[in-house]
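Subject: Structure handover

Hi there,

Here is the structure I promised to pass on to you. Have a look at it first, and then read on for my notes.

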Amino acid sequence: WLKFFRCRFPCSKVAMRVSVLLPIALAGKFDCPALPAIPAPKDISQLHPSHVGIVMAVGDSITAAFSARSDVDEARDISWAIGEGSAQNLTLPFLLSQYSAKVEGASTKAVIPADVFNLPHNDYHPKTDNLNVAESEGSANRGSFDEEWAFLASGAKKYADFDDQWKVLTVWMMANDFDGDCNGPVEESAHYKVWESKVDEFLTNVTASWSKIYINLVSTLDLSNIHRIQQSRAGCKLVHKLIDEGGCIDYGNSTQMQMLDRNIHWLNTRQHKFAQDWQTKLKSAGRTDVAVVAQPFMEGIGSLFDWTFLSELDCFHPSAKAHQMLAIGLWDSMLCHDRATQCGIHVTTDIPITCPTVDSTFYTGGDSVSSSTQSIVV
């Protein structure tokens, strides 16, 4: 935060140049053909991108898109999973809107974090965040799943046809709970148990309250790569000596980074187990209108990322470029039915976009644990 506020005005011209030049570099990424009308699905196994009418997301500062434009704003309009996006800044809602006549719920405006001295609490701007209820510094252990569920439940009421629309909800809240877990197995910690309980409670609330919903449980990349990038640039090293933003990501040694990645793999495996368990529960309840799906496109990635993946302001949060990469990764993963190979998805700067056909559907089948996590059994 020291650098955030020091840079707000002196660096504004630099930030403006970045925000103007970056879209030029990213322009023209989407080039998929239009499709004819697709018949309405009989159940969620037939869900096509064109059927989705509502998008939602819960999470932390990554999904709030803090500093994506290398300033102190939450660039919620370009958030990978829930920003309205544009042809220059692809997001999941933008991609959906190329096929669906109406996609509601996306966040539409860059904003300063709300109630900044009380984060993560109340970091919600209902008029423009819409159903992006992610909070900067969001954490299961600080009550964020409970608070964000309340924001979602309240926000849903302003959509008259909410119950009738097919919905996509993206869930990614892990980093702030575990970025300090570098000295021992995460599963032995009390805060792991809290996170585990709160994820399950949140899924219970959603599935008990709503129908016609596809729920993404997003895995996390190897966070040691954030440390690697920070250490590769003198300015970033200095910033993270002055501020403690990412726990041991800021200062850890190689042994600690290995433990951190090991723990991320454990947590990713637990995400798969959540999906497996909920698939069984939903099937037993006869629910064919809901799917809980682990999306593993980030598992084990990051070794090829460079400084352009991170905000120039804090060398920690994903940049606008990174948000687009993650948006395409999520989109491709949702459309991928070959879970053994993940359809060859590799999250890089030139990640290709999967172009759906009239026969494409979002994956709702059984879960499988990827090679980066399968050695750990939950």
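Please keep in mind that this is a predicted model.

The cavity

A search of the whole structure turns up one cavity of 30 Å³ or more. The volume of this largest cavity is about 30 Å³. Its lining is made up of Phe145, Val171, Met173, Trp195, Val199, Leu217 and Gln271. By class, six of the lining residues are nonpolar, one is polar and none is charged.

Aromatic rings

The whole structure holds 15 aromatic pairs, and I picked out two of them for you.

Phe30 and Tyr99 are both buried.

The other pair is Trp331 with Phe362. Their ring centres are 6.5 Å apart and their planes stand at 80°, so this pair is edge-to-face too; the cut-off for that label is an angle over 60 degrees. Here again distant parts of the chain are linked: Trp331 is in helix H12 (residues 320–334) and Phe362 in the segment after H12, 31 residues apart. Trp331 counts as buried because its relative accessibility is 0%, and Phe362 counts as buried because its value is also 0%.

Charges over rings

Arg270 has its charged end over the ring of Phe274, at 4.0 Å from the ring centre. Lys281 places its charged end over the ring of Trp278, and there the distance to the centre is 4.2 Å.

After helix H12

Is Arg339 buried or exposed? This arginine, located in the segment after H12, is buried, because its relative accessible area of 12% falls under the 20% limit. What does its side chain reach? It comes to 3.0 Å from the backbone oxygen of Ala294. The Arg339 side chain also makes a polar contact with the side chain of Gln295, at 3.2 Å.

Asp338 is found in the segment after H12 as well. With a relative accessible area of 35%, Asp338 is partly exposed. Its C-alpha atom is separated by 9.0 Å from that of Tyr363, which is 25 residues away along the chain.

One more spot

Finally, take a look at Ala140, which lies in the loop between H4 and helix H5 (144–156). Ala140 is buried, its relative accessible area being 3%. Between the C-alpha atoms of Ala140 and Ser197 there are 9.0 Å, and these two residues are 57 apart along the chain.

Key: Residues numbered from 1 in each chain as written. Predicted model: local features only at pLDDT ≥ 70, side-chain atom pairs only at ≥ 80, totals over all residues. Heavy atoms only, no water. 1 Å grid on protein atoms, 1.4 Å probe; cavity = no way out; pocket = protein on both sides within 12 Å on 5 of 7 lines; lining within 4 Å. Points joined across faces, edges and corners; volume = space filled by probe spheres on them. Nonpolar A, V, L, I, M, F, W, Y, C, P; charged D, E, K, R; others polar. Phe/Tyr/Trp six-rings, centres within 6.5 Å; stacked < 30°, edge-to-face > 60°. Buried < 20%, exposed > 50% of the residue type's maximum accessible area, 1.4 Å probe, protein only. Helix = DSSP H or I, 4+ residues; strand = E, 2+ residues; numbered from the N terminus. Lys NZ or Arg CZ within 6 Å of the ring centre and 35° of its normal. Polar contact = N/O pair within 3.5 Å; in protein donor to acceptor, adjacent residues only side chain to side chain.
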